[in-house]
Amino acid sequence: EGYDLAQLAALRDAVSLPVIASGGAGNAAHVAAALEVSQAALLASILHEDPARLISLRDELRDLGVPLRDAA
């Protein structure tokens, strides 16, 4: 269903520490939305079910305009 964006934004506004979104990534759009309100996002479930998905997920995120570092 995606991350709880309202809660992430409230937390971001309440603390001076980086906020990492956790719990809710079902697709690239969920991750992209979370990165609009947080500094990072965990991708546990989406990759545990299909580790090979990382390559296509990176491409999808780039297509959504999310800046990513190149993998080594």
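Predicted model: local features only at pLDDT ≥ 70, side-chain atom pairs only at ≥ 80, totals over all residues.

Biologist: Okay, is Arg 53 buried or exposed?

Modeller: Arg 53 is buried, and its relative accessible area is 17%. The cut-off for buried is under 20%, so 17% falls on the buried side.

Biologist: What does Arg 53 touch, leaving out residues up to four places away in sequence?

Modeller: Arg 53 touches Asn 27, Ala 28, Ile 46, Leu 47 and Glu 60. With Glu 60 there is also a salt bridge, where the closest N and O atoms are 2.8 Å apart.

Biologist: And how accessible is Glu 60?

Modeller: Glu 60 counts as partly exposed, at 31% relative accessibility.

Biologist: Which other residues are buried in helix 4?

Modeller: Leu 57 and Leu 61 are buried there along with Arg 53. The three sit on the same side of helix 4, because the arc they cover around the axis is only 70 degrees.

Biologist: What's on the other side of helix 4, then?

Modeller: Ile 55 and Asp 63 are there, and they are exposed.

Biologist: What covers the buried residues of helix 4?

Modeller: The cover includes helix 2 and helix 3, the latter running over 44–48.

Biologist: Switching to salt bridges. How many are there in the whole structure?

Modeller: A search of the whole structure finds three. Another links the side chains of Asp 13 and Arg 12, at 3.0 Å from N to O. In that pair, Asp 13 is exposed with a relative accessible area of 59%, while Arg 12 is partly exposed at 30%.

Biologist: And which residues meet in the one at 3.2 Å?

Modeller: Those are Asp 70 and Arg 62, with 3.2 Å from N to O between their side chains. Asp 70 is exposed, its relative accessible area being 69%. Arg 62 counts as partly exposed at 35% relative accessibility.

Biologist: Which element gives the largest share of the lining?

Modeller: Helix 4 does, with three residues.

Biologist: Can you give me the lining residues? What's there?

Modeller: The lining of the largest pocket is Val 31, Leu 35, Gln 39, Ala 40, Ala 41, Leu 43, Leu 54, Arg 58, Leu 61, Pro 67, Leu 68 and Arg 69. Leu 61 is also one of the buried residues of helix 4.

Biologist: How does that split by class? I mean nonpolar, polar and charged.

Modeller: Nine are nonpolar, one is polar and two are charged.

Biologist: Arg 69 is in that lining. Where is its place in the chain?

Modeller: Arg 69 is in the segment after helix 4. At 74% relative accessibility, Arg 69 counts as exposed. Setting aside neighbours within four places in sequence, Arg 69 is in contact with Arg 58 and Arg 62.

Biologist: How many residues apart in sequence are Arg 69 and Arg 58?

Modeller: Eleven, and their C-alpha atoms are 9.8 Å apart in space. Arg 58 is another of the residues lining the largest pocket.

Biologist: What else is in the segment after helix 4?

Modeller: Leu 64 is one of the residues there. Leu 64 is partly exposed, with a relative accessible area of 48%. Not counting residues up to four places away in sequence, Leu 64 touches Ala 28, Ala 29 and Ala 32.

Biologist: And which residue just after helix 4 takes a positive phi?

Modeller: That's Gly 65, with a phi of about 90 degrees. Gly 65 counts as exposed, at 57% relative accessibility.

Biologist: How far is Gly 65 from Tyr 3, C-alpha to C-alpha? What's the value?

Modeller: The separation is 18 Å, and the two are 62 residues apart along the chain.

Key: Residues numbered from 1 in each chain as written. Heavy atoms only, no water. 1 Å grid on protein atoms, 1.4 Å probe; cavity = no way out; pocket = protein on both sides within 12 Å on 5 of 7 lines; lining within 4 Å. Helix = DSSP H or I, 4+ residues; strand = E, 2+ residues; numbered from the N terminus. Nonpolar A, V, L, I, M, F, W, Y, C, P; charged D, E, K, R; others polar. Buried < 20%, exposed > 50% of the residue type's maximum accessible area, 1.4 Å probe, protein only. Arc of directions from axis to C-beta. Contact = heavy atoms within 4.5 Å. Salt bridge = Lys/Arg side-chain N within 4 Å of Asp/Glu carboxyl O.
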